[in-house]
Amino acid sequence: MEVEQYRREREKEFQSKQQAAMGSQGNLSAEVEQATRRQVQGMQSSQQRNRERVLTQLLGMVCDVRPQVHPNYRISA
């Protein structure tokens with residue numbers, strides 16, 4: 001009977017330590033998730049701010065073609 005009581009006490013201690021450890025991991029998970037959301041929101045807002053400028057630059061590079069002869073081109077006679 002004493003052994004059973006000792007076992008129950010140790011089991012309660014183990015359960016409380018396990019709960020404390022799992023609780024702290026749950027908090028870490030929530031913090032990581034929150035930090036990830038903030039980073040994603042920052043990237044999305046940056047994308048929205050710079051979208052027009054980047055599109056203008058890309059269209060300018062694609063549409064503004066200036067034909068030139070390559071410097072390594074040799075005319076063979």
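**Before you start**

This is a predicted model, in which local features need pLDDT of at least 70, side-chain atom pairs count only at pLDDT 80 or more, and totals for chains, interfaces and linings use all residues. Residues are numbered from 1 along each chain as its sequence is written, and side-chain values use heavy atoms, with hydrogens and water left out.

**Exercise 1. The overall form**

Find how many helices and strands the protein chain has, and set its radius of gyration beside that of a compact globule.

Step 1: The protein chain has one helix and zero strands. Helices (H or I, at least four residues) and strands (E, at least two) are DSSP runs, numbered from the N terminus.

Step 2: A compact globule of 77 residues would have a radius of gyration near 11 Å, whereas the protein chain has 33 Å. This radius is taken over C-alpha atoms, and the globule rule is 2.2 Å times the number of residues to the power 0.38.

Step 3: Now look along the principal axes: the C-alpha trace spans about 110 × 35 × 10 Å.

**Exercise 2. The surface**

Work out what percentage of the residues count as buried, and which residues form a nonpolar patch.

Step 1: Of the 77 residues in the protein chain, 0% count as buried. Buried means under 20% relative accessible area, exposed over 50%, and partly exposed in between (1.4 Å probe, protein chains only).

Step 2: The protein chain exposes about 7,900 Å², and carbon and sulfur atoms supply 55% of that area. Accessible areas come from the Shrake-Rupley method with a 1.4 Å probe; for residues, only the protein chains shown count as cover.

Step 3: The nonpolar patch consists of Val54, Leu55 and Leu58, which together have about 240 Å² of accessible area. Patches are made of residues with over 30% relative accessible area and no salt bridge; like charges are joined within 9 Å, and nonpolar side chains (Val, Leu, Ile, Met, Phe, Trp, Tyr) within 5 Å.

Step 4: Zoom in on valine 54, which lies in helix H1 (residues 2–63). Valine 54 is partly exposed, with a relative accessible area of 38%.

**Exercise 3. Charges and their pairs**

Count the positive and negative side chains, then find the salt bridges of glutamate 4.

Step 1: There are 12 positive and 9 negative side chains, and the centres of the two sets lie 14 Å apart. Lys and Arg count as positive and Asp and Glu as negative, while His and the chain ends are not counted. The place of a charge is taken as NZ of Lys, CZ of Arg, CG of Asp or CD of Glu.

Step 2: Side chains of opposite charge can pair when their charged atoms come close. A search of the whole structure finds five salt bridges, each a side-chain nitrogen of Lys or Arg within 4 Å of a carboxyl oxygen of Asp or Glu.

Step 3: Glutamate 4 meets arginine 7 in a salt bridge (2.5 Å, N to O) and arginine 8 in another (3.9 Å, N to O). Glutamate 4 and arginine 8 are separated by about one helical turn because they are four residues apart in helix H1.

Step 4: Arginine 10 forms a salt bridge with glutamate 13, with the closest N and O atoms 3.1 Å apart. Both lie in helix H1, three residues apart, about one turn of the helix. Salt bridges that share partners join Glu4, Arg7 and Arg8 into one network.
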